[in-house]
Amino acid sequence: MATKDPYIEQLVDRAVAPYRGKLAVAVLEELRELLGDALATHPVVSRLVERGRPHENVLQSDEQERGVGPDDGSRGSGASAPATGVVVPFDKGRGRG
């Protein structure tokens, strides 16, 4: 495989696992090579791989007051929350008859 991307290698391992012991070693290695290259370089498939790639873990979470920063709450979520920085839990049942 031309790429040494651990995520792509994991995808390839999962894809070829059912064929271990059923295909010749040379055929299995060729399959791994072709699949790895396709996952890394195909214009559509590589975008799908990137969408499925796990994101880095969030190490810290922070709260921000409304009206501060790029998301000032002006998108109109439909809920009226005070602009005090107080977190108001979302009630799934609210507004449903």
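In this predicted model, helix α1, which covers residues 6-16, packs against helix α2, which covers residues 25-41, at an angle of about 135° and with the two axes 10 Å apart. The protein chain has three helices and zero strands, and from the N terminus on its elements run α-α-α.

**Packing of α1 and α2**

- With an angle of about 135° between them, α1 and α2 are therefore oblique to each other, and their crossing is right-handed.
- On the α1 side the contact is made by I8, L11, V12, D13, A15 and V16, and these residues meet L28, L31, R32, L35, G36, L39 and A40 of α2.

**Packing of α2 and α3**

- Helix α3 spans residues 45-52, and its axis comes within 5 Å of the axis of α2, with the two crossing at roughly 80°.
- An angle from 65 to 115 degrees counts as roughly perpendicular, and α2 and α3 are therefore described as roughly perpendicular to each other.
- From α2 the residues A38, L39, A40 and T41 take part in this contact, while α3 contributes V45, S46 and V49.
- The residues where α2 and α3 touch divide into five nonpolar and two polar, with no charged residue.

**The buried and exposed sides of α1**

- Within α1, the residues Y7, I8, V12 and V16 are buried, and because they fall within an arc of 160° when seen down the helix axis, they line one face of α1.
- The face of α1 that is turned away from this buried side carries P6 and R14, which are exposed.
- The cover over the buried residues of α1 includes both α2 and α3.
- Among the buried residues of α1 are I8, V12 and V16, and I8, V12 and V16 also belong to the set of α1 residues that meet α2.

**The chain as a whole**

- The protein chain holds 97 residues, of which buried residues make up 12%.
- When contacts in the protein chain are taken between residues at least 6 apart in sequence, 40% of them join residues at least 24 apart.

Technical notes:
Residues numbered from 1 in each chain as written. Predicted model: local features only at pLDDT ≥ 70, side-chain atom pairs only at ≥ 80, totals over all residues. Heavy atoms only, no water. Axes fitted to C-alpha atoms, helices over the stretch in contact; angles between N-to-C directions. Helix = DSSP H or I, 4+ residues; strand = E, 2+ residues; numbered from the N terminus. Parallel < 35°, antiparallel > 145°, perpendicular 65-115°, else oblique. Left-handed = near helix turned anticlockwise from the far one by under 90°. Contact = heavy atoms within 4.5 Å. Nonpolar A, V, L, I, M, F, W, Y, C, P; charged D, E, K, R; others polar. Buried < 20%, exposed > 50% of the residue type's maximum accessible area, 1.4 Å probe, protein only. Arc of directions from axis to C-beta.
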